[in-house]
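I set out to record what could be looked up in this structure. The entries below follow the order in which I worked.

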Amino acid sequence: MSHTSTLHDVPHHHANPTGWRRWLFSTNHKDIGTLYLLFALAMLFMGGASAMLIRAELFQPGIQLLDPDLYNNLVTNHALLMIFGSVMPAAAGLANWMIPLMIGAPDMALPRMNNLSFWILPAAGTMLILSFVVPFFPGGGSQINTGWTLYPPLSIQVGMSMDFLIFAIHLLGISSVLASINIIVTLLNMRAPGMTLMKMPIFCWTWLVTAFLLILVVPVLAGGVTMLLFDRHFGTSFFDAAGGGDPVLFQHLFWFFGHPEVYVLLLPSIGVLSHVIPTFARKPLFGYKSMVGAMIAVGTIGMVVWAHHQYTIGMSLGAVSYFMIGTIIISIPVGLMIFNFIATMWRGAMSFETPMLFAVAIILMFTFGGLSGVMLAVVPADMQYHDSMFVVAHFHYVLMPGAVFGLFAGVFYWLPKWTGHMYDERLGKIFFWINVTGFNLTFFPQHFLGLAGMPRRIIDYNVMFTEFNVISSIGAMIFGFSHLLLLYIVIKTIRGGEPAPSRVWEGARGLEWEVASPPPFHTWETPPPIRQEQSA
Amino acid sequence: MNPEAQARNKRRTVWLLSLLVLGMFGFGFALVPLYDLLCQVTGIQSVSLRSAGEAVAEPLPGRADSRLITIKFDTSVHPNLPWDFQPLERNLQVHPGKLYQVNFAARNRSSASVTGQAIPSVAPWQATAFLNKLECFCFNRQTLAGGASVEMPLRFMISPDLPPDIRSLTLSYSLMKPETPAPVSAPESARHEKG
């Protein structure tokens, strides 16, 4: 930013470094986007491996493979690796790659900070993995058996691995706050002339709302875990009842972050769907303005309903009623988005390439997860479902289609643009069917398990739950291993394939399809003119 | 837009967003006092409101009211503990806001020294928050030498804020032998604080 001269009078300014320097010192949004996506893919496999260990243990009642603390540590790690390690970086990777291309900007607004916010991640990931590894060594203390919610007093009693985890969360938080600042500054200041906010592609809108949510809630989590650290080491009593603190306060701080976080995970994928569905239905998105309004409403209401995760802590009737009503109201804007997607497909000339298959599956399964969410939002019902496998089934039905499958759809949709090669459509479809079948086989039976009374986060279970757990575990193995096929498809596409034209999909609209595939290292150095039909 | 104006706009946005980040980090800490305040104002029950310490600190004289509340005492002894355990009074009529003392008699039937722990409970549970115990044998584990007997005091007060629909309370104590040996002093004092 210190350069007041224009980019064009310093031709040597962008001498492209090669080898490892290209990646370590990168300020190029495309390279950083690639780094984010690769990091997310690596973390997806680690989080997936921990999930498969959990399901392998639950294949039979009794304790076979793991011991209880290790089991609970895997539950903790699975959540943190998937949420902070995989879904958020993957969404940030899509943002880095696509936002400058979509709004006609030469790069992100703050390229060096972009480099920083990515390269914090490997450090944070290492801390996170260390928190899992340390207890295996002598003197490493106990394992993190709290689950990702880190509720005190348990999280105050855990050994030093918890300190690694707290610092990992700090680093991850700093990374995502920096990335969010960068994205907002880019979106507000670097749009091509003529692209007003209401002409911005929906994916950019979803990220604008997401980035604001992150900026509002991640610092609160950082404050919460800082207090946890102080309670652990510096004799404060924020959460220690013996010293006048209140463990429930941590739950409020955590869920003040934790609930908007689910919209942080969801919204970028909604943004991807808003491009995939119009492309393959060959119709413009139905209700652009209502989509923007709906996502702002979701973000705003989502900030003030966090305590629906805590119905059983003994709040007054007035408080639980408020949180119940607020939560159920969210289903209105979310339903609006779903209906917009359906209306976009209505009477469209649809074709079902892999991204579209994912999109249609998301609409079905996400709606299903949303409806079980309404069940959980109802206080008297939730008293029964709380901490049961029903909750596990619910949030996997929301987050897996809502976040992960949306990212898969985005990867398949834009992979030809990034690599310049078409992916193998046949393999893509095979991956979709194995993946989605495995997912439903894993999580659908968990609804029944939860309703029958099986608690979550416990290594052992009653023999009466065996059959559904066997089905669920078999599904989990299919689901888990299916991602190796994804890895193969991605590698195969990077290495070669049918060359992709710049407008990869017949129905695709938007500036990102006007640059070559793969795009040159620098794009939109002069802002493109905005024509009417380009607006999403 | 010329590059200079754009750079200025970017800087301004960055500063505003950074302030927002700092503000939200501060808000996290501001929630500590705000949370207590909110709980007091809206009556969301929280652990701190239920604890005995705060209620006792209130100036109580003059707030005692004329209601008469019936307190019933109930005891039970787990078979793993060779003790007899009875309240010396089974019923007591009390005024909210005044301090009362009831003694419980315990006798060790065996010849060896035995440690017992009383687990309290209040019925109806809605009254739990309004029962303030200043002293209770249930705060600590009690050890009796073989054949010894002892009178153990319970000093308590019913808060004047007791809802008018509660006219009678039952205090139950289940006495049992703790499974684990007594922990070191820190958790013991923790139990004392929570009452």
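I began with confidence, for which I needed pLDDT: the predictor's confidence in each residue, from 0 to 100. I also needed contact, which means heavy atoms within 4.5 Å.

**Entry 1. Ground rules**

I noted that this is a predicted model, in which local features need pLDDT of at least 70 and side-chain atom pairs count only at pLDDT 80 or more, while totals for chains, interfaces and linings use all residues. Residues are numbered from 1 along each chain as its sequence is written, chains are lettered from A and ligands numbered from 1 in the order in which they are written, and side-chain values use heavy atoms, with hydrogens and water left out.

**Entry 2. Confidence by chain**

For chain A I found a mean pLDDT of 92, with 96% of its residues at 70 or more. Residues 1-12 of chain A stay under 50, and the model gives them seven contacts beyond four places in sequence.

For chain B I found an average pLDDT of 79, and 79% of the residues score at least 70. Over residues 46-61 of chain B, the model has 21 contacts beyond four places in sequence. Over residues 185-195 of chain B, it has 13 such contacts.

**Entry 3. A helix pair in chain A**

I took helices (H or I, at least four residues) and strands (E, at least two) as DSSP runs, numbered from the N terminus. Two packed helices are described by the angle between their axes and the distance between the axes. Axes here are lines fitted to C-alpha atoms, for helices over the stretch in contact, and angles run from 0 to 180 degrees between N-to-C directions.

I looked up helix H11 (residues 354-377) and helix H13 (residues 389-419) of chain A, which pack at an angle of about 160° with their axes 8 Å apart. That angle makes H11(A) roughly antiparallel to H13(A) (under 35 degrees counts as roughly parallel, over 145 as roughly antiparallel, 65 to 115 as roughly perpendicular and the rest as oblique). By class, the contact of H11(A) with H13(A) has 18 nonpolar, eight polar and no charged residues. In this scheme Ala, Val, Leu, Ile, Met, Phe, Trp, Tyr, Cys and Pro count as nonpolar, Asp, Glu, Lys and Arg as charged, and the others, Gly among them, as polar.

**Entry 4. Backbone exceptions in chain A**

Most residues other than glycine have a negative phi, and most peptide bonds are trans. I therefore listed the departures from this general rule.

In the loop between H4 and H5 of chain A I found Leu150(A), whose phi is near 55°, a positive value in a residue other than glycine. Pro153(A) lies in the loop between helix H4 (111-133) and helix H5 (154-157) of chain A. A cis peptide bond joins Pro152(A) and Pro153(A), with omega about 5°. The peptide bond from Ser517(A) to Pro518(A) is also cis, with omega near -5°. I located Pro518(A) in the segment after helix H15 (466-495) of chain A.

Strands of a sheet pair through backbone hydrogen bonds, either parallel or antiparallel. Two strands count as paired if DSSP finds at least two bridges between them.

I traced an open sheet of five strands in chain B, in the order S3-S1-S9-S5-S7, with mixed pairing. Strand S3 (91-94) and S7 of chain B are at the edges, each with a single partner strand, so one side of each has no neighbour in the sheet. Neighbouring strands of this sheet are turned by 30° against each other on average, direction ignored.

I then followed the pairings across the sheet.

- S1(B) and S3(B) run antiparallel and are joined by four bridges; Lys72(B) stands opposite Asn91(B) in S3(B).
- Strand S1 (residues 69-77) of chain B runs parallel to S9(B), with eight bridges; Thr75(B) stands opposite Tyr173(B), and Phe73(B) has Leu171(B) as its bridge partner.
- S5(B) and strand S9 (residues 168-176) of chain B run antiparallel, with seven bridges; Val122(B) has Leu171(B) as its bridge partner in S9(B).
- Strand S5 (residues 114-123) and strand S7 (residues 142-144) of chain B run antiparallel, with three bridges; Gly116(B) is partnered by Gln142(B).

**Entry 5. The four-stranded sheet of chain B**

I recorded an open sheet of four strands in the order S2-S4-S8-S6 of chain B, with antiparallel pairing. Its edge strands are S2 (83-87) and S6 (131-136) of chain B, each pairing on one side only. Neighbouring strands here are turned by 25° against each other on average, direction ignored. Five bridges join S2(B) to strand S4 (residues 99-108) of chain B, and Gln86(B) has Ala105(B) as its bridge partner in S4(B).
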